[in-house]
Structure formats: C-alpha cells, structure tokens
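The structure is shown first, and the description follows.

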Amino acid sequence: MLYQRVYDDLRAAIESGETPIGSTLPRESALRDKYEVSSITIRRALSMLRDDGFVRRRPRVGTTVIAQSPQQVSPASKDPVVALIMTSFNDAFGTRIVEGVLDRAQDRAHIMLMRTGGDTKKEREAIKRALGIGARGLILLPSSSQMIDSSVLKLVSAEYPLTIIDRRYDSIPVAAVTSDHMNAGIQATTCLIEAGHRHIALFGASRSLTSNADRHHGWVAAHAINDVALDESLACDQITSTTPGNAGTRKDDIKRIGSFLRNHPEVTSAVACEFAIAVLLEEALANLGKSIPRDLSLVCFDEQPFETLGSTLQLTHIAQQQEEIGARALDVTLQQIDSGATADKIVLPTTLVPGNSVRPI
C-alpha cells in the first residue's frame, strides 16, 4: 500500500531521531512531491501517525512531532472520522440511511455529514473539506451515475477507503452498497400484472442514474417474465423536479404527467420510481378529475412518510433496507480503513409492502 510505505518511512525517521520531537513535518505538497504519491495518500499516512500518537495535526500550524515512540491515545480521539456525503435526504429516502450510519458508528467512528444537493461542484468541495480535516474514510451518494467525478476517481486510484451507496459503477474498482433495483422493478410491475393490469406505465427520472435504469430494466423484464406484451412508449422517464441538482419544476412535471395520461388513455396502472413522483402523479390525476386507485392503480418506491396523499390512501410500495444500507456502508468503510481498499459490491434485497393503492381488474 502506498500510504503504508509513506507511514513507515516517516515513522522510522521519527523513531531514529532524524525528525526530532517538536519539529514540524514538511508540508503535504512537499511530501507528495518527495514520495510521488497523491495528497490523499499523504493525508492517510499522516492520520495514521496521529492515531499512533507520534504527531499532532492542527490547521494552519501543520503536523508536529510530539513523541518518539507510539503513545496510548484515548479511544474517543482514536475513533476515525468518516465523512458521509449525500445528495439529499428526506423521510421517504435517505434519512434512515443516515440513521443507519450513525447507529452503527457508536463507539466506532465519528461521522461528518454533508449534503451536496446533487451539485458536482459542491460534491468536490465536500470531499476536499473531508480530506482537509483528516477524514479516514468516505461514504458517498454521488451526484451522477453516468459519469464519475474526477475527485472520486482520485480517491479510488489512491486506494482511499471509499464506499458508494445507491449507485453502481461496474467498471470501477470501488466498494458499493445498493438495493437490488432491477428485481425491485420486477416486483412492482408483477404486482400490477397479477392484479390484472396489462397497460402499465412507468414514471421515473432520467436513466442516467443506475438506480433508475435498473428499475426500468425490471419493468421491462417483468413483462417478459409474465408473458405480457410491452409497450415501451408507456415509459415516462423525464421527470426532473425530484432529482437533486436538477432545475426542473414540479409544475412542469405535473403538466408533463397530465399530458402523458391524456395521450395514453389505455393506461390503468403505473409504477412510480420515487415516492415524490407518486405525489406528482396524484396531483396530475386530480387535475384530470381522477384519483388513485379508482382510475389508476399505483405501486411506488419507498414508503409514504406522511399523509401527503390523503387520510385513507396507503401506497403499495417497494421498501428498501435503508438502515442496513447505511450500516453496511460504514462496516465496509471501516474495514477498508483497517485492511485496505476493496471493491466489494453488496446488493440488498427489497420487499413489496401491500397497501390499498392497487385495484384488481
């Protein structure tokens, strides 16, 4: 490991007295040039020296040698800082992932929580801030699946402890924890097929996010599995207002959904790829004088966090193991901190939870 080589060399210099107590180690940029490694690698090596009691790191002061041999460090100060960077989170999706990380972190790690709003620039800034305070690992919900940001690729090449959540990067050697979104799409669509529906629409955001693409693939696969003819024109996957960082408005999406429903009067049911899209769909139906499930049966992803859709409607939905996603992501990150980077991919099953939003025909 590159960081281990840097750590061993700096530690040897301290223990031999070549770098005496009270002296300040060279700046990160100088160490980076000396060892010909990335800044991430240097920061990890310095963090290891700090954790072993050799040095103290302080902003604007630098890294000062405080002991010539390993020192006992209090458990609280030795627990690593792990940054959790999310695009956004709410009661339908995200909040319980955060709770899963925090619950698992007790007596194991300090969690630094940041939100990017789906803005790649803010994502880069958040990563830089986390590394600047000496975070030993990172859990990231990226802004995009279509293209991984260069700042994230640098972490991967530096073998920095990194775990991706709710996204899939098959060609990049990075650890990830996600739900089985394709099978979830099959579950949701099959539920409607078994209720007698044959014209099933799919409402989702752009397929540039792997979670959305996999749900779309599940919708397609369910038709084949159940020997039902598929009409690809029933996929309305241009909902924009629910995606963090997108400039689309709710008003435009409601109008888009309403127009879609008017153009496809044959549709009797739908899969909504997010709870927020289910809310938009309900409003579009109301504008047409229609409702769920009287005029349209509905299965959505993630549970209904509050009585947005009325006091009696409980949506049939696909539940993700959100707390487990957070807990497993922290486990994998801490394992990498202890043993080195890994590219393990953990895929968790989903559950179909019946409600009263599906009407048999």
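## Helices α8 and α9

Helix α8 passes α9 in a right-handed crossing, where right-handed denotes that the near helix is turned clockwise from the far one by less than a right angle. Helices here are DSSP runs (H or I, at least four residues) numbered from the N terminus. The axes of α8 (residues 181-194) and α9 lie 7 Å apart at an angle of about 45°, each axis being a line fitted to C-alpha atoms over the stretch in contact, with angles running from 0 to 180 degrees between N-to-C directions.

On the α8 side the contact (heavy atoms within 4.5 Å) includes His181, Met182 and Ile193, and on the α9 side Trp219 and Ile225 are among the residues involved.

## Model and conventions

The model is predicted, with local features needing pLDDT of at least 70 and side-chain atom pairs pLDDT 80 or more, whereas totals for chains, interfaces and linings use all residues. Residues are numbered from 1 along each chain as its sequence is written, and side-chain values use heavy atoms, leaving out hydrogens and water.

## Helices α5 and α12

The axes of α5 (residues 95-105) and α12 (residues 322-339) come within 7 Å and cross at roughly 45°, and α5 passes α12 in a right-handed crossing. These helices are therefore oblique to each other. Among the residues that meet are Ile97 and Val101 in α5 and Ile325 and Leu330 in α12.

Methods:
Helices (H or I, at least four residues) and strands (E, at least two) are DSSP runs, numbered from the N terminus. Angles under 35 degrees count as roughly parallel, over 145 as roughly antiparallel, 65 to 115 as roughly perpendicular and the rest as oblique.
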